[in-house]
Structures are given as C-alpha cells and as structure tokens.
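Dear colleague,

Please find below the structure that I am handing over to you, together with its sequence.

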Amino acid sequence: MSESPFTAGGMRRQPRQARSQERVNRIVDVAEELFASQGYTATTTNAIAARAQVPIGSLYQFFPDKTAILQALALRYAEKLHQQLAAIAETEQTTLPLSDYVDQLIDTTERFFSENPSYHAIFMEVQGTIREVAEIDEATDATLIQDLANSLAKRDARLESADYQAIAFVLVKAIGTLLWLSLSQEKTFRQRLVKETKRFALSYLQSYFSSGLVHTDKLQTHG
C-alpha cells in the first residue's frame, strides 16, 4: 500500500517514543468517547485529560487546543476509510463485473460508518463550523477521487484522464453524501438508501463502461 497521504494536522509535536504514542492514542480515544456522548462543544480539554488519566500539561505538549484533538480524530477516521477502500484496489477488482465492484465500494463505505458510529454523532455537530475539519474532509475526498480515478483507468484505458477524474468526482461525492444522509434515517429506510445508492452508482458507471467496453459517448470536456 502506498504511503498515507494524511498528516498530523494541528498537533504541536509528534510523539517519538512508544509511550508517548500510546498517550496520544489514549487522548484521542477518550476525546472520541466524550465528543460523541457529551458533544464537542460541551467537552473540555480538562475533561479529556482527566478521563485519559494524563496530566493536562502532557495533553498540551501534543495538542495546543481541543480543535487539534478533533483534527487528529478526523485524520484517524480518514486514514481508516482510505485503507479500507484501498484494499479493494489491491484485489483483482479490474476483472470483477461492475456490479460486484460497486457492491464492494459501497459496502466498504457503509461498513466504515457502521463500525464507527461516533463518526456521525461527532461530525454532524461540527460540520461546516470548523475550518480545519472541513479542510481534512476536502483532502480526504481528493485522495479518494484520485484513487478511484486510477482504479477506473485500470479497468479500461481508453478514456482520457479528465474523464476518469470527473467520473470519480461524481461517484465519491454522491456516494459519500447519500450514505452520510442515510445515517440519520431509521434502519429499514437506511438499508433501502444503500441499495438505491448502489443502483445509482452502477447505472452511472455502466453509461461509460458496458460489458467491459468503454461507452463511445465521452464527457464533453473539450468544448
């Protein structure tokens, strides 16, 4: 797997020893719990330090403020999702039928949300209000778009680079938005929305890739 495109965000300094890394991980773990249960706004760095059983001074050695801890958590989520989706590209996905490929892509994303229920609870509160988190979201999407564009190009190289980029942009943004919105729905309707997302993504891809062949109508990107 390629080197992670995600960095340490707003951390004051990087832990260099295993003990320090364990402390940082514990701080972020506790922050995740408190942000989800009490809300980001209501949670204080003192509460995080107390629950993590670390001196407040030690917390500030690594994180200048609460926003930096949230950034670290957002980056952790971003890396986890990226790794899970990248694992699809490492399989023989270029030989899979489009329907199977779409199933893997969307099931993996849905599983990420299901396995990380705090993600929605935390970022629903702060979305659109914290610039640093919005920047992480944009960087995450940009990485996923590039990965997907590369993956589609491996399926068939007869489209142009701008086409793969545009197709990947539409898919990442649409799938991410639909699955995000589904999280606030009751279980049965949420499952229906996942199926509808698969239907949309498959139909869209089939308009370019049909039975392994590239559709002759390319994007109108050249005037």
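I begin with a pair of residues in helix α1 (residues 18–38): Glu22 and Arg26 are four residues apart there, so about one helical turn separates them. An α-helix has 3.6 residues a turn, so residues three or four places apart point the same way. Glu22 and Arg26 form a salt bridge, with their closest N and O atoms 2.5 Å apart. Glu22 is partly exposed, at a relative accessible area of 41%, and Arg26 is also partly exposed, at 25%. Please keep in mind that this is a predicted model.

Overall layout

The chain contains nine helices and two strands. Read from the N terminus, the order of elements is α-α-α-α-α-α-α-α-α-β-β. Of the 223 residues in the chain, 43% are buried. Among contacts with a separation of 6 or more, 72% are between residues 24 or more positions apart. The accessible surface of the chain is about 12000 Å², and 51% of this belongs to carbon and sulfur atoms.

The nonpolar core

Which residues touch the most other members of the largest nonpolar core? They are Ile48, Phe63, Leu70 and Phe123, in a core of 63 residues. Helix α4 (residues 66–89) supplies the largest share of this core, with eleven residues. Leu70 illustrates the packing: leaving aside residues up to four places away in sequence, Leu70 touches Phe35, Tyr40, Ile122, Phe123, Val126, Ile130 and Val133.

After α6 comes Gly128, which has a positive phi, near 80°.

Further salt bridges

The count of salt bridges comes to 13. One of them joins the side chains of Lys173 and Asp141, at 2.8 Å from N to O. Lys173 belongs to helix α8 and Asp141 to helix α7 (residues 131–155), so this pair ties together parts that are 32 residues apart in sequence. Lys173 is partly exposed, because its relative accessibility is 23% and the category of buried requires a value under 20%.

Another salt bridge links the side chains of Arg158 and Asp156, at 2.7 Å from N to O. Here Asp156 counts as buried, with 8% relative accessibility.

A nonpolar patch on the surface

Which residues form a nonpolar patch on the surface? Phe169, Val170, Leu178 and Phe200 do so, and together they have about 320 Å² of accessible area. Helix α8 (residues 161–182) contributes the largest share of this patch, namely three residues. Val170 is found in helix α8 and is partly exposed, with a relative accessible area of 32%.

Yours sincerely,

A colleague

How values were computed:
Residues numbered from 1 in each chain as written. Predicted model: local features only at pLDDT ≥ 70, side-chain atom pairs only at ≥ 80, totals over all residues. Heavy atoms only, no water. Core = buried A, V, L, I, M, F, W, Y, C linked by side-chain atoms within 4.5 Å. Buried < 20%, exposed > 50% of the residue type's maximum accessible area, 1.4 Å probe, protein only. Contact = heavy atoms within 4.5 Å. Patch = residues over 30% accessible without salt bridge, like charges linked within 9 Å, V, L, I, M, F, W, Y side chains within 5 Å. Areas by Shrake-Rupley, 256 points an atom, 1.4 Å probe, with all protein chains shown as cover. Salt bridge = Lys/Arg side-chain N within 4 Å of Asp/Glu carboxyl O.
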